[in-house]
Amino acid sequence: MDMAVLILYSSSPKTLDEEIKYLADVQKKAVFGGYGVSDNPDIALQEMELVKILQGKNYGRMFLSIVISFSECESCILDDNKLELIAFEVCKILPNGYQVCYGIHFDNPTQKHIHFVINTVSCYDGVGKLDIDKRELIRIKRATSYVLMYF
């Protein structure tokens, strides 16, 4: 049986603004949400940019991106409510102190997927920019697997 796949993208040609707009794209029948930011994409962008400005780190890599793609079988089983719960639970797994927003894309009912954008600047003073190493990625994948098994 095919299972969900989690992929981390540490770089992107898109700006933070473009990435958040993509997450909330109505053509993708997207459901947008946030963890530590607003559920409104425009406000979420402003909140993420404000943290960068306040911390003096409005440069370099602006965000990390994670995508969880579901198999055809899983896509048929997982409804809107379950996918929103999964997205919110995964946000809680991601590194503490970093704002996260997500977009659940429903444009292809047999290939549902969730995009996450993580601000690389922490809300807390004295914390360096986010970099997810292999050990942290393994922790995230393991914890995400437990969430997916639950649902």
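Reader: Is lysine 29 buried or exposed in this model?
Author: The model is a predicted one, in which local features need pLDDT of at least 70 and side-chain atom pairs count only at pLDDT 80 or more, while totals for chains, interfaces and linings use all residues. Residues are numbered from 1 along each chain as its sequence is written, and side-chain values use heavy atoms, with hydrogens and water left out. Relative accessible area, computed with a 1.4 Å probe and protein chains only, sorts residues into buried (under 20%), exposed (over 50%) and partly exposed (in between). Because its relative accessibility is 55%, lysine 29 counts as exposed.

Reader: Where does lysine 29 lie, and what is its phi?
Author: Helices (H or I, at least four residues) and strands (E, at least two) are DSSP runs numbered from the N terminus, and lysine 29 belongs to the loop between H1 and S2. Most residues other than glycine have a negative phi. Lysine 29, although not a glycine, has a positive phi of about 50°.

Reader: Which residues of helix H1 are buried, and why do they line one face?
Author: Helix H1 covers residues 16-23, and its buried residues are Leu16, Glu19, Ile20 and Leu23. The arc is that of the directions from the helix axis to the C-beta atoms. Seen down the axis of H1, the buried residues line one face because they fall within an arc of 95°.

Reader: Which elements do the buried residues of H1 pack against?
Author: A contact here means heavy atoms within 4.5 Å. By that criterion, the partners of the buried residues of H1 are strand S2 (31-35), helix H2 (41-55), strand S3 (63-69), strand S4 (98-105) and strand S5 (113-122).

Reader: Is isoleucine 7 buried or partly exposed?
Author: Isoleucine 7 has its place in strand S1, which spans residues 5-9. Since its relative accessibility is 33%, isoleucine 7 counts as partly exposed.

Reader: What share of the contacts with a separation of 6 or more joins residues 24 or more positions apart?
Author: The chain has 5 helices and 5 strands, which follow the pattern β-α-β-α-β-α-α-β-β-α along the sequence. Among contacts with a separation of 6 or more, the share from residues 24 or more positions apart is 73%.

Reader: What is the radius of gyration of the chain?
Author: The radius of gyration is taken over C-alpha atoms, and the globule rule is 2.2 Å times the number of residues to the power 0.38. With 151 residues, a compact globule would have a value near 15 Å, so the chain agrees with it at 15 Å.
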